[in-house]
Amino acid sequence: MRMRTMEISVGFLMLAGFLALVVLALNVSGLNLSDQGGGYKVYARFDNIGGLTPRAKVAMSGVQIGEVTAIRLDPQMLMAEVEMKIRDDVDFLSTDSSAQILTSGLLGEQYIGITSGAEDEMLADGDRISDTQSALVLEDLIGKFLFNEVSD
């Protein structure tokens with residue numbers, strides 16, 4: 001009887017450890033089991049999105065205000081079109097706001113940084129941010145640096 005109690009206790013401990021590992025993995029990866037619901041969609045076009053992926057964060061002053069929901073190629077403009085879902089409580093983004101693809105850290109993940117403008121009219125669901133700045137691609141910067149060094 002004592003051996004059976006020990007086996008059941010070890011089984012519960014293993015199960016609790018596995019569940020804790022799953023919860024930790026979900027938190028670290030940024031995945032959510034529930035849909036966050038509300039929010040409004042805003043679009044922006046970029047020449048180069050670098051390593052930006054869906055589910056990347058959208059931040060303003062370092063605070064997350066939304067996430068990237070989709071990335072597709074606009075066949076008419078031949079540019080990447082990024083769809084962002086902004087939280088409902090962020091209702092102060094003006095129509096002249098700008099979007100920039102930034103990198104957290106030197107080689108970290110990429111995200112979109114929003115800078116609000118000064119217009120009185122605010123962005124609504126389906127609006128487009130026209131002032132954008134594409135991602136800095138590290139390989140392009142290294143190539144330009146090496147090319148300039150060789151030509152000098």
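This note walks through the domains, the salt bridges and one surface patch of the structure above.

1. The model is predicted, so that local features need pLDDT of at least 70 and side-chain atom pairs count only at pLDDT 80 or more, while totals for chains, interfaces and linings use all residues. Residues are numbered from 1 along each chain as its sequence is written, and side-chain values use heavy atoms, with hydrogens and water left out.

2. The chain is divided into domain 1 (1–29) and domain 2 (40–136), with bounds that come from an automatic or database domain assignment. Between the C-alpha centres of domain 1 and domain 2 there are 41 Å. An unreviewed UniProt entry places the feature "domain: Mce/MlaD" at residues 39–117; such annotations may be inferred rather than shown by experiment, and the positions follow the numbering used here, with feature names shortened. Residues 39–117 are 0% helix and 54% strand, and their end C-alpha atoms are 20 Å apart. Helices (H or I, at least four residues) and strands (E, at least two) are DSSP runs, numbered from the N terminus.

3. The structure holds 6 salt bridges, each defined as a side-chain nitrogen of Lys or Arg within 4 Å of a carboxyl oxygen of Asp or Glu. One of them joins Asp74 to Arg45, with the closest N and O atoms 2.8 Å apart; this pair links distant parts of the chain, since Asp74 lies in strand β3 (residues 63–74) and Arg45 in strand β1 (residues 40–46), 29 residues apart. Asp74 counts as buried because its relative accessibility is 8%, whereas Arg45, at 23%, counts as partly exposed. Here buried means under 20% relative accessible area, exposed over 50%, and partly exposed in between (1.4 Å probe, protein chains only).

4. Arg128 forms a salt bridge with Glu81, the closest N and O atoms being 2.7 Å apart, and the pair connects strand β7 (residues 128–129), which holds Arg128, with strand β4 (residues 79–86), which holds Glu81, 47 residues apart. Glu81 is buried at 11% relative accessible area, while Arg128 is partly exposed at 35%.

5. Asp89 and Arg87 also meet in a salt bridge (3.0 Å, N to O). Salt bridges that share partners join Lys41, Arg72, Glu81, Glu83 and Arg128 into one network.

6. Phe145 lies in helix α2 (residues 138–151) and counts as exposed because its relative accessibility is 51%. Phe145 belongs to a nonpolar surface patch with Leu106, Leu107, Leu136, Leu138, Leu141, Ile142 and Leu146, together about 890 Å² of accessible area. Patches are made of residues with over 30% relative accessible area and no salt bridge, joining like charges within 9 Å and nonpolar side chains (Val, Leu, Ile, Met, Phe, Trp, Tyr) within 5 Å; accessible areas come from the Shrake-Rupley method with a 1.4 Å probe, and for residues only the protein chains shown count as cover.
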